[in-house]
Amino acid sequence: MILEELCKIKSFGSNMESSVTPQDIADKEAELGFALPQAFKELYLTFHPDDPAFSGKGNLIPFEELKIYKRIYWTDTVITILPICRHERYGYGFEVSRYHKSKDIMSNDNPDDPPMWGLYVSPETRKEEKHLEGHEVPCNQSNLSRWIVEWLGYQQTLAQPSVIGVNRDKTEDFWKRLRELPLNAFYHIPLEQLSSVRINFNVNFMEEPFRLLCGCITYSGTAYFGGKTDKELEQLMKRMGFKYVWIKSQDGHPIFHSAPPSPPQERELESIAPVLQFLCEFAGMEGRGAKEESIGRAEARLGTSLPLPLAEFYRYLPSKFYSSYNVIRPLSGLKQTKDGKLNFLEENQAVYHWAAELNSPFLYRRANDGVSGWGAYGILDGFLAAEFLWALACDETLDLFLWELLDFEPAMLLEGGKLHPHLSPIAGITDRIAAGNTRTLYQAMDGQAVGLYDREECTFWFVTKEEAVQERLEALFDV
């Protein structure tokens with residue numbers, strides 16, 4: 001059914017053999033009391049649960065741990081589901097049967113290629129026990145065979161030794177340029193079905209001039225390219241003209257927003273208004289951000305005050321800068337998610353979202369992969385001050401000069417280091433609000449330059465208003 005496609009996907013990764021045998025399949029069918037679909041059997045006879053393809057956010061459930069779950073669909077129907085993969089507490093599985101209580105009958109409309117469902121395999125609340133999703137797995141409805149091929153292709157893309165991410169929503173003519181490559185699809189949809197079939201994972205592969213995988217979740221803005229070497233991916237990106245970030249690198253390229261060295265420690269938030277005022281004056285920025293009435297309406301809708309630094313961030317930043325670097329959600333669009341987070345920012349490559357939490361100092365981050373949850377990533381005040389600088393520095397209308405200090409080493413910031421005597425905190429507080437965050441702001445040259453140290457990516461950037469100041473800094477540091 002899909003054995004050829006599975007073998008092709010497997011050829012891009014490990015040669016680890018499955019430990020499941022046809023006899024194991026027969027025994028499991030006897031245990032469960034029904035025949036397993038052909039696509040399911042081919043999956044488990046081809047892939048081992050410990051295959052590196054499942055080392056990311058989507059694990060194949062070991063064959064011996066497979067068990068059925070029952071969930072109520074609407075109020076009259078009980079759906080029996082056999083999950084095949086999971087990430088943390090959530091999983092995806094195929095429909096075994098459905099029981100219609102009012103009619104007291106069982107049905108199974110497509111046992112050979114049943115529909116897929118999303119459910120909590122380890123629910124912690126009554127609401128999670130009731131959760132059942134068939135229309136978004138994670139994006140659209142799907143049958144088992146197509147879903148396995150799409151999902152495995154996406155998993156194998158992320159499992160490649162070298163992986164980069166491209167924001168396809170912000171890349172002009174992304175799909176047109178991609179079609180210039182000799183790409184093939186793992187799963188071919190008949191021409192007459194193209195108008196009606198909706199996919200969940202868009203995955204393609206290339207064999208020449210080198211082997212490569214390209215995959216994305218259908219409604220996600222990020223496309224991932226996975227290959228055997230960094231050099232091959234760099235050559236491809238240069239050829240396509242794509243802006244990209246490194247997700248996995250074998251040659252030491254900075255990994256885009258990897259996890260901080262340690263979870264942030266809770267502390268009191270500070271006002272960042274003096275820092276934002278300094279940055280506005282430094283950039284020569286005219287106009288202000290949100291009016292007090294707009295902030296008041298947002299707070300009234302939320303039922304409580306915004307965290308102080310977040311309110312100040314919106315108060316100082318004009319809306320024309322909301323998408324100059326990362327994408328800032330306007331006040332009118334702020335609303336709490338089901339888990340209480342206030343999602344206010346999307347990274348420019350659409351890899352991550354950032355959120356605040358009302359009555360909390362923490363900044364939270366979530367990967368835009370359809371399965372990850374929020375994790376504490378920093379403290380709001382220092383993060384927002386650095387984000388404010390990036391929004392200004394990356395806007396073309398302000399004519400600021402942004403440049404990276406090459407051959408930078410963190411020791412340069414320590415006493416006795418090359419940078420140390422020339423840097424000082426902005427408004428006397430940017431050293432304090434850096435606590436719990438990955439970025440620190442400085443001023444230099446009597447306020448004529450602003451510096452940003454990113455300890456996560458081990459980079460240091462200068463922003464100047466005048467080219468002459470940049471030249472003086474370059475001469476000072478022998479750049």
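A: Two residues are in contact when heavy atoms lie within 4.5 Å. The model is predicted, so local features need pLDDT of at least 70 and side-chain atom pairs need pLDDT 80 or more, while totals for chains, interfaces and linings use all residues. Residues are numbered from 1 along each chain as its sequence is written, and side-chain values use heavy atoms, without hydrogens or water.

Take Phe40. Set aside its neighbours within four places in sequence. Phe40 is then in contact with Phe63, Leu66, Leu82, Ile84, Phe94, Leu144 and Ile148.

Look at the helices next. Helix H3 covers residues 38–46, and helix H5 covers residues 144–158 (DSSP runs of at least four residues; strands need at least two). H3 and H5 pack at an angle of about 30°, and their axes are 8 Å apart. The axes are lines fitted to C-alpha atoms over the stretch in contact, with angles from 0 to 180 degrees between N-to-C directions. This angle makes H3 roughly parallel to H5 (under 35 degrees). From H3, the meeting residues are Ala39, Phe40 and Leu43. From H5, they are Leu144, Ser145, Ile148 and Leu152. By class, the H3–H5 contact has six nonpolar residues, one polar and no charged. Asp, Glu, Lys and Arg count as charged; Ala, Val, Leu, Ile, Met, Phe, Trp, Tyr, Cys and Pro count as nonpolar; the others are polar.

Now the nonpolar core (buried Ala, Val, Leu, Ile, Met, Phe, Trp, Tyr and Cys joined through side-chain atoms within 4.5 Å). Buried means under 20% relative accessible area with a 1.4 Å probe, protein chains only. The largest core has 102 residues. Phe40 is among the six members that touch the most others, along with Ile84, Leu279, Phe344, Phe388 and Leu392. Helix H11, residues 380–393, gives this core its largest share, eleven residues. A second, separate core has 18 residues, including Met206, Phe210, Ala223 and Met240.

H11 has a packing partner too. Helix H10, residues 308–316, packs with H11 at about 15°, their axes 9 Å apart. That makes H10 roughly parallel to H11. Pro309, Leu310, Phe313 and Tyr316 of H10 meet Leu380, Asp381, Leu384, Glu387 and Phe388 of H11. This contact holds seven nonpolar, no polar and two charged residues.

Phe12 sits in the loop between helix H1 (3–10) and helix H2 (22–32). Phe12 counts as buried because its relative accessibility is 1%. Beyond four places in sequence, Phe12 touches Gln156, Gln160, Phe186, Phe205, Met206, Glu207, Arg211, Leu212, Leu213 and Lys228. Asn200 lies in the loop between strand E8 (183–185) and strand E9 (201–206). Asn200 is buried as well, because its relative accessibility is 0%. Among its contacts beyond four places in sequence are Val137, Cys139, Trp147, Glu150, Cys216 and Thr218.

Last, the whole chain. There are twelve helices and 22 strands. Of its 479 residues, 53% count as buried. Its C-alpha atoms fill a box of roughly 80 × 55 × 40 Å along the principal axes. Take the contacts with a separation of 6 or more: 61% join residues 24 or more positions apart.

Definitions and conventions. Parallel < 35°, antiparallel > 145°, perpendicular 65-115°, else oblique. Buried < 20%, exposed > 50% of the residue type's maximum accessible area, 1.4 Å probe, protein only.
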